[in-house]
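Visitor: I have a structure open and would like to walk through it. Can we start with the inside and then move on to the backbone and the surface?

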Amino acid sequence: PQDKKYRDEPTRLEIGDGNTFREFTTLNTGTAQGGGVTRIGDDNWFMAYSHVAQDCVVGSHAIFANNAHVAGHCHVGDWVILGGFTGVHQFVRIGAHAMTGGGTILFQDVPPYVTAVGNPAKPYGINNVGLKRRGFSDEAINAIKRAYRTLYRRGLALAEARAELAAASAAIPEVGALVRFIDESERGLVR
């Protein structure tokens with residue numbers, strides 16, 4: 001691993017099936033302090049010069065565009081798309097079906113379904129096209145849009161928005177995933 005504290009401890013890199021690694025992609029093994037394993041799921045596409053650092057967990061079906069770099073201890077969910085030259089700070093979590101625009105710098109977590117853009121990153125709507133491509137129903141997409149407006153457009157404090165989303169999550173499982181992500185966030189959300 002790229003870790004100055006590394007002293008020959010047994011660490012590893014686990015890579016699932018069907019992944020594509022293009023030119024000069026780098027992946028680091030885990031560290032003893034971070035659990036010892038970096039995990040890559042199935043059917044991901046890592047374009048040229050992309051990087052995954054130590055102790056990261058990458059789900060399945062993700063796309064890392066050219067020069068997308070993820071620092072150590074990050075979690076990247078299923079179906080995430082990282083635009084070219086995206087930089088992700090250590091310990092950041094990116095929820096399933098999220099997306100970043102080119103040149104995005106992430107210092108905080110990106111909730112599921114959200115598109116984040118900029119340096120530093122700001123929310124820029126939901127990954128509507130990606131959700132449609134993956135077969136989300138119109139009802140689910142509309143519920144995700146309402147949840148996005150609650151979280152980002154109504155001027156609510158995070159605790160207030162979370163409470164409203166929790167009430168809506170009983171009927172829509174996709175909103176429940178968003179609430180769980182908020183509850184597990186340690187770095188705070190891109191807002």
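Visitor: How many residues does the largest nonpolar core have, and which have the most contacts inside it?

Guide: This is a predicted model. Its largest nonpolar core has 45 residues. Those with the most contacts inside it are Val58, Phe64, Val70, Ile94, Leu106, Val110 and Leu165.

Visitor: Which of the elements gives the most to this core?

Guide: Helix α2 does, with eight residues. Among the elements that each supply at least two residues are β16, α2, α3 (158-169) and α4 (173-184).

Visitor: What about Val52, buried or exposed?

Guide: Val52 is buried because its relative accessible area is 0%, and buried means under 20%. Val52 is in strand β6, residues 51-52.

Visitor: How far is the C-alpha atom of Val52 from that of Ile40?

Guide: The two C-alpha atoms are separated by 9.2 Å. Along the chain, Val52 and Ile40 are twelve residues apart.

Visitor: Backbone now. Where is there a cis peptide bond?

Guide: One joins Asn119 and Pro120, with omega at about -5°. Pro120 sits in the loop between β16 (114-117) and β17 (122-126).

Visitor: Why flag that one?

Guide: Because most peptide bonds are trans. Likewise, most residues other than glycine have a negative phi.

Visitor: On that point, what is phi for Asn67, and where does Asn67 lie?

Guide: Phi of Asn67 is near 65°, a positive value in a residue that is not glycine. Asn67 lies in the loop between β8 (63-64) and β9 (69-70). Its relative accessibility is 21%, so Asn67 counts as partly exposed.

Visitor: And what is phi for Phe91?

Guide: Phi of Phe91 is near 70°, again positive in a residue other than glycine. The loop between β12 (87-88) and β13 (93-94) holds Phe91. With a relative accessible area of 44%, Phe91 is partly exposed.

Visitor: Over to the surface. Which residues gather in a patch of positive charge?

Guide: Lys132, Lys145, Arg146 and Arg149.

Visitor: Which helix gives the most to the positive patch?

Guide: Helix α2, residues 138-153, gives three residues to the patch.

Visitor: Where is Arg149 found, and what is its relative accessible area?

Guide: Arg149 is found in helix α2. Its relative accessible area is 43%, so Arg149 is partly exposed; the exposed class is over 50%.

Note on methods: Residues are numbered from 1 along each chain as its sequence is written. This is a predicted model: local features need pLDDT of at least 70, side-chain atom pairs count only at pLDDT 80 or more; totals for chains, interfaces and linings use all residues. Side-chain values use heavy atoms; hydrogens and water are left out. Patches are made of residues with over 30% relative accessible area and no salt bridge: like charges are joined within 9 Å, nonpolar side chains (Val, Leu, Ile, Met, Phe, Trp, Tyr) within 5 Å. Accessible areas come from the Shrake-Rupley method with a 1.4 Å probe; for residues, only the protein chains shown count as cover. A salt bridge is a side-chain nitrogen of Lys or Arg within 4 Å of a carboxyl oxygen of Asp or Glu. Lys and Arg count as positive and Asp and Glu as negative; His and the chain ends are not counted. The place of a charge is taken as NZ of Lys, CZ of Arg, CG of Asp or CD of Glu. Helices (H or I, at least four residues) and strands (E, at least two) are DSSP runs, numbered from the N terminus. Buried means under 20% relative accessible area, exposed over 50%, partly exposed in between (1.4 Å probe, protein chains only). A nonpolar core is a set of buried Ala, Val, Leu, Ile, Met, Phe, Trp, Tyr and Cys residues joined through side-chain atoms within 4.5 Å.
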